[in-house]
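User: I would like to learn how to read the features of a protein model. Can we work through one together?

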Amino acid sequence: MIRQAKLAEIPQIMAITKACARHMTKKGIYQWNEHYPSEDAFLNDLKRGELFIKHSDGKVIGAVVISTHKDEEYIPIEWLTPSKNNIYIHRLCVHPERQGQGHAQSLMDFAENHAKQRTALSVRLDTFSQNKRNQRFYESRGYQRLGDIFFPKQSKHPFHCYELVL
C-alpha cells in the first residue's frame, strides 16, 4: 500500500536511502552520499505533503517525493511542456532487499496517477548519468531524456533530466 508518510517514519526512510547508497556504491554508482538525500530534505517534503511511502508487513519498503516545486537547477532545461502545471519526482527509493519485485514500478504508477488526477501536463525527474539501470527504467516507462544538470555535492558527473508528457 502507498500513502503519505508520517513523521515517525522518517528514520525508516533514511535507513532505506542509506542502504540504497551502500548498494549503489558497491556497484560503482556514486549517486547518493552523506549530503544527499538528507533528513532535512525529507522533513521539508513531509511538511509540504509531498512524501509518500510504500509499506508491506508493517514496514516501510520504499518512498517517493511527488512535488509541484520546480528546483532552480531545472531552469536551463528545454522541457517538452510549459513549466506551469508539472509534477517533479525526487528521491525514489526501494530497500535493496525488496528491489526487482515491482515496487519502484508501483511507486511510479502511483506518482503518475497522482499527476493525472491533478491534470498535470507532465512528470519530470532527473537520474544519475552513471546509473544505467535507472535510465532504462524511466525510458521503458516512456520518459524522454532532455538534457543534463549538475549537483556538485553529489558528483562530478551529470544527472539526466527526463519528462513524461501526460
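This is a predicted model: local features need pLDDT of at least 70, side-chain atom pairs count only at pLDDT 80 or more; totals for chains, interfaces and linings use all residues.

User: Let us start with the backbone. Which peptide bond is cis?

Analyst: Here is the general idea. Most residues other than glycine have a negative phi, and most peptide bonds are trans. In this structure, the bond from Y36 to P37 is cis, with omega near -5°. P37 sits in the loop between helix 1 and helix 2.

User: Is R91 buried or exposed? And is T119 buried or exposed?

Analyst: Read the relative accessible area against the cut-offs: buried is under 20%, exposed is over 50%. R91 has 12%, so R91 is buried. T119 has 58%, so T119 counts as exposed.

User: Now a loop residue. Where is E9, and is E9 buried or exposed?

Analyst: E9 is in the loop between strand 1 (2-4) and helix 1 (10-26). Its relative accessible area is 8%, so E9 is buried. Next, look at its partners. A polar atom of the E9 side chain lies 2.8 Å from the backbone nitrogen of K6. Beyond residues up to four places away in sequence, E9 touches R3, Q4, I53 and V60.

User: How do I read strand pairing? Which strands pair with strand 7?

Analyst: Follow the bridges, then check the direction. Strand 5 (residues 122-128) joins strand 7 through seven bridges, and the two run antiparallel. Within that pair, D126 has C161 as its bridge partner. Strand 6 (residues 144-149) also pairs with strand 7 in the antiparallel sense, over five bridges. There, D148 stands opposite H160.

User: How many residues of strand 7 are buried?

Analyst: Six of the seven are buried, so by the under 20% cut-off strand 7 (residues 159-165) is mostly covered.

User: On to the cores. How many residues does the largest nonpolar core have?

Analyst: It has 26 residues, and I13, F42, L51 and I149 have the most contacts inside it. Helix 1, strand 2, strand 3, strand 4 and strand 7 each supply at least two residues. Helix 1 gives the largest share, seven residues. Take F42 as a case. Setting aside residues up to four places away in sequence, F42 touches I10, I13, M14, T17, P37, L51, V65 and R91. A second, separate core of 20 residues includes V123, L125, F137 and L164.

User: What does F137 touch?

Analyst: F137 lies in helix 4 (residues 132-140). With 14% relative accessibility, F137 counts as buried. Leaving out neighbours within four places in sequence, F137 is in contact with L92, A104, Q105 and M108.

User: Last, the empty space. How do I read a pocket?

Analyst: Rolling a probe the size of a water molecule over the atoms shows where empty space is left. Here, the largest pocket has a volume of about 1100 Å³. Of its 42 lining residues, Q31, W32, H90, R91 and L92 are the closest to its centre.

User: Which element gives the most to the lining of the largest pocket?

Analyst: Strand 4, with six residues. Other elements giving two or more include helix 1, helix 2, helix 3, strand 5 and helix 4.

Conventions
Residues are numbered from 1 along each chain as its sequence is written. Side-chain values use heavy atoms; hydrogens and water are left out. Helices (H or I, at least four residues) and strands (E, at least two) are DSSP runs, numbered from the N terminus. Buried means under 20% relative accessible area, exposed over 50%, partly exposed in between (1.4 Å probe, protein chains only). A polar contact is a pair of N or O atoms within 3.5 Å; within protein, one must be able to donate a hydrogen and the other to accept it, and residues adjacent in sequence count only if both atoms are side-chain atoms. Contact means heavy atoms within 4.5 Å. Two strands pair if DSSP finds at least two bridges between them. A nonpolar core is a set of buried Ala, Val, Leu, Ile, Met, Phe, Trp, Tyr and Cys residues joined through side-chain atoms within 4.5 Å. On a 1 Å grid over the protein atoms alone, a cavity is a set of points where a 1.4 Å probe fits but cannot get out, and a pocket is an open set with protein on both sides within 12 Å along at least five of seven lines; lining residues have an atom within 4 Å of a point. Grid points are joined across faces, edges and corners, and a volume is the space filled by probe spheres set on the points.
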